[in-house]
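Reader: I have a model open and want to learn how to read its features. Where do we start?

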Amino acid sequence: ILAAARSGDLAKVAAIVKANQTLISFGGDTDAAALWKKSFPDSDGLEVLATLIEVLEMPFVHLDKGSAQEMFVWPYFHAMQLEKLTPEQRVELFRLVTAYDFREMQKFGSYVFFRAGISPDGRWQFFVAGD
């Protein structure tokens, strides 16, 4: 996934999304390249690849270990209460989001920026933002 994202080739990442049936939208979108080009028109979709790289280079959290829902999720902020982040963790979060985004997430009550989930068998389950 990282190699494809670093290549700058949306089609390469979209092919991985298609092969894994990765959830990319809560709205039912399945064509990753089309969605990302539409969502990030100023960069012809490439901005999302930079975000994907940043997300996957963050520490992850291992959720529901040993259960049918077991998942590795990047970044670990997904599983944390935002008000309990240390100053160091907040700096790390600001590598991904702006202070405005952070305030909006605090209002919502959880981390809702891009996150990626991979199951223990290596299947890329999701790459979504929002809730």
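Author: Start with pairing. Two strands pair if DSSP finds at least two bridges between them. Keep in mind that this model is predicted.

Reader: How many bridges join strand S1 to strand S2?

Author: Three bridges join S1 (residues 61-63) to S2 (residues 71-74), and the two strands run antiparallel. Val61, for example, has Val73 in S2 as its bridge partner.

Reader: In what sense do S2 and S3 pair?

Author: They pair in the antiparallel sense, over three bridges. Within this pairing, Phe72 stands opposite Ile118 in S3.

Reader: S3 also holds Arg115. Is Arg115 buried or exposed?

Author: Buried means under 20% relative accessible area. Arg115 has 4% relative accessibility, so Arg115 counts as buried. The Arg115 side chain reaches the backbone oxygen of Gly130 at 2.5 Å.

Reader: Now the helices. How do I read a helix face?

Author: Think of turns. An α-helix has 3.6 residues a turn, so residues three or four places apart point the same way. Now take helix H3, residues 32-39. Its buried residues are Ala32, Ala33, Leu35 and Trp36. Seen down the axis of H3, these buried residues fall within an arc of 165 degrees, so they line one face of the helix.

Reader: What covers the buried residues of H3?

Author: The cover includes helix H2 (10-20), helix H4 (46-56) and strand S4 (124-128).

Reader: Which residue caps the N-terminal end of H3?

Author: Asp31 does. One of the side-chain oxygens of Asp31 lies 3.3 Å from the backbone nitrogen of Ala33.

Terms used: Residues are numbered from 1 along each chain as its sequence is written. This is a predicted model: local features need pLDDT of at least 70, side-chain atom pairs count only at pLDDT 80 or more; totals for chains, interfaces and linings use all residues. Side-chain values use heavy atoms; hydrogens and water are left out. Helices (H or I, at least four residues) and strands (E, at least two) are DSSP runs, numbered from the N terminus. Buried means under 20% relative accessible area, exposed over 50%, partly exposed in between (1.4 Å probe, protein chains only). A polar contact is a pair of N or O atoms within 3.5 Å; within protein, one must be able to donate a hydrogen and the other to accept it, and residues adjacent in sequence count only if both atoms are side-chain atoms. The arc is that of the directions from the helix axis to the C-beta atoms. Contact means heavy atoms within 4.5 Å.
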